[in-house]
Amino acid sequence: MNAVDHTPTLTSATLPQARHALRQGIAVVLPNPAPLTHVVAATTATAVNQAKHRPADQPVALWAHHHDTLDNLTDLWDLSPHHRATTRRLLAEDHLTVLLPVPARAALPPWLEPAVKDGWMLLFGARWQPLHPLLDDHPVLYVSSANLTGRPPAADTGEALAMFPPAVPVLHLSDPERPRMRSGSQERQATTTVRVMPDGQLHLHRHGAQDRAHGRSDDYLRHLRTRAAYRPPR
């Protein structure tokens, strides 16, 4: 007699299912456009960390996708008005992950505390249009790379489904850039992380998808500074 296979069928979640899961406080794996990898997001930092099988109190990034949330955060950055404006462009236009200085003894709202460690605030800036209905439900959302400890972030739906248990829904959305890419997860990477110093200088904290085409770190940082310095006339 043949053995019965009890392996569950791996099925991705629909957008309404992912929205419902987030409303219930469940962590959800979400896609990003090429060349970014997937992320895991939730309305609490604890849910994000539990999905990744790591300590519940480990710091996570705050997803800086909502204008009202960003407006509340901007005054907490230990930066000049000019450098605050530059930072908002790094998040909204370059879709970087950004580390920002927080003044000593600053009064932080409780919802921000999971994203602050040793005087630095960690924000994730990607805002992919197909995710807008889901993101707009949650002005405050926590996020981290979609991986378990020690493993690379999931590059597509299949990798995410294979990595995370069924209790963590994996949203599938078609990416129009995907047909242009060669097969294989090596084409996607997590976001580049840039640290903005109190004087406005930019330091590359972690290599990622955005800087890899620029060769050396200095070349990419020069590219960002040049973009920040030039703003087309309105």
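**Helix packing, cores and a loop proline**

Visitor: Which residues in helix 3 meet which residues in helix 4?

Guide: H67, L70, D71 and T74 in helix 3 meet R84, R88 and L91 in helix 4, where contact means heavy atoms within 4.5 Å. Helices are DSSP runs (H or I, at least four residues), as strands are (E, at least two), numbered from the N terminus. This is a predicted model, in which local features need pLDDT of at least 70, side-chain atom pairs count only at pLDDT 80 or more, and totals for chains, interfaces and linings use all residues. Residues are numbered from 1 along each chain as its sequence is written, and side-chain values use heavy atoms, with hydrogens and water left out.

Visitor: At roughly what angle do the axes of helix 3 and helix 4 cross?

Guide: Axes are lines fitted to C-alpha atoms, for helices over the stretch in contact, with angles from 0 to 180 degrees between N-to-C directions. Here helix 3 (residues 67-74) and helix 4 (residues 81-92) cross at roughly 145°, their axes coming within 11 Å.

Visitor: Which residues touch the most other members of the largest nonpolar core?

Guide: In soluble globular proteins, nonpolar side chains tend to be buried together. A nonpolar core is a set of buried (under 20% relative accessible area, 1.4 Å probe, protein chains only) Ala, Val, Leu, Ile, Met, Phe, Trp, Tyr and Cys residues joined through side-chain atoms within 4.5 Å. Of the 44 residues here, V29, W77, L112, M121, L123 and L224 touch the most other members. Helix 2 (residues 45-51) gives this core its largest share, four residues. A second, separate core has 20 residues, including W128.

Visitor: Where is P153 found?

Guide: P153 lies in the loop between strand 7 (142-145) and helix 6 (157-163). Beyond four places in sequence, its contacts include T37 and A190.

Conventions:
Buried < 20%, exposed > 50% of the residue type's maximum accessible area, 1.4 Å probe, protein only.
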